[in-house]
Amino acid sequence: MTVVLELKTVNDTHEFGRRLAGVLRAGDLLLLSGPLGAGKTALTQGIGAGLGVRGDITSPTFVIARVHRPDPARGGRVSLVHADAYRLGESADPRAEIDDLDLDASVDEAVTVVEWGEGMVEQLVDAHLRVRIDRRDDDTRVVTLEPVGGDWARRLAALD
């Protein structure tokens, strides 16, 4: 079951991230792909807001990964690990670099969102959600959600 959405504005992208956060739980892995500027970080900002995590969510391109802990004052319930594998793809062995990030150490206790991680992090869990974001010339985002295993299809159906 693939779900395709059109989001007209960045605010719509944030709001969808908030809604998506409502079906997320510790142990979830989301793989975000799409061209630069498509809205991957904007979606993650919405997810972080929906999860009620601490700190501003910015692109982790240069730090590779950030952990945002739940903020009880904002209703936080689970941590968010936000990683960006964009620069790792230039390595001779990007999977070794992913291993160095120790994402497997936190994957069971957090929602893990990895930008540009396809082909590098799927082995961390049995099931994951692929999220492809493309941006049209009018700034509309086309978001394609593809569940891979687990109960993702049922959870995505609950978003309607």
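How many aromatic pairs does a search of the whole structure find? The search finds 0 aromatic pairs, where a pair means rings of Phe, Tyr and Trp (its six-membered ring) with centres within 6.5 Å.

## Basis of the model

This is a predicted model, in which local features need pLDDT of at least 70 and side-chain atom pairs count only at pLDDT 80 or more, while totals for chains, interfaces and linings use all residues. Residues are numbered from 1 along each chain as its sequence is written, and side-chain values use heavy atoms, with hydrogens and water left out.

## The sheet

An open sheet of 7 strands has the order S1-S7-S6-S2-S5-S4-S3, and its pairing is mixed; two strands pair if DSSP finds at least two bridges between them. Strand S1 (3-7) and strand S3 (65-68) are the edge strands, each pairing on one side only. On average, neighbouring strands of this sheet are turned by 20° against each other, direction ignored.

## Strand partners

Strand S2 (residues 29-33) pairs in the parallel sense with strand S6 (residues 128-135) over 4 bridges, and leucine 30 stands opposite leucine 129 in S6. S2 also runs parallel to strand S5 (residues 110-115), joined by 4 bridges. In S5, valine 114 is the bridge partner of leucine 31.

S6 and strand S7 (residues 141-148) pair in the antiparallel sense over 8 bridges. Valine 142 in S7 is the bridge partner of aspartate 134. The hairpin of S6 and S7 has 5 residues between the strands, and aspartate 139 there takes a positive phi near 75°.

## Two helices

Helices are DSSP runs too (H or I, at least four residues). The axes of helix H1 (residues 10-21) and helix H2 (residues 40-51) come within 7 Å and cross at roughly 45°. Axes are lines fitted to C-alpha atoms, for helices over the stretch in contact, and angles run from 0 to 180 degrees between N-to-C directions. H1 and H2 are therefore oblique to each other, a class left over when angles under 35 degrees count as roughly parallel, over 145 as roughly antiparallel and 65 to 115 as roughly perpendicular. The contact (heavy atoms within 4.5 Å) includes Phe16 and Leu20 of H1 and Leu43 and Ile47 of H2.

H1 also lies across S1, S2, S6 and S7, and runs at about 140° to S1.

## A charge over a ring

Arginine 155 lies over the face of tryptophan 152, at 4.0 Å from the ring centre. For this, NZ of Lys or CZ of Arg must be within 6 Å of the ring centre and within 35 degrees of the ring normal.

Definitions and conventions
Rings of Phe, Tyr and Trp (its six-membered ring) pair if their centres lie within 6.5 Å; planes under 30 degrees apart count as stacked, over 60 as edge-to-face and the rest as tilted.
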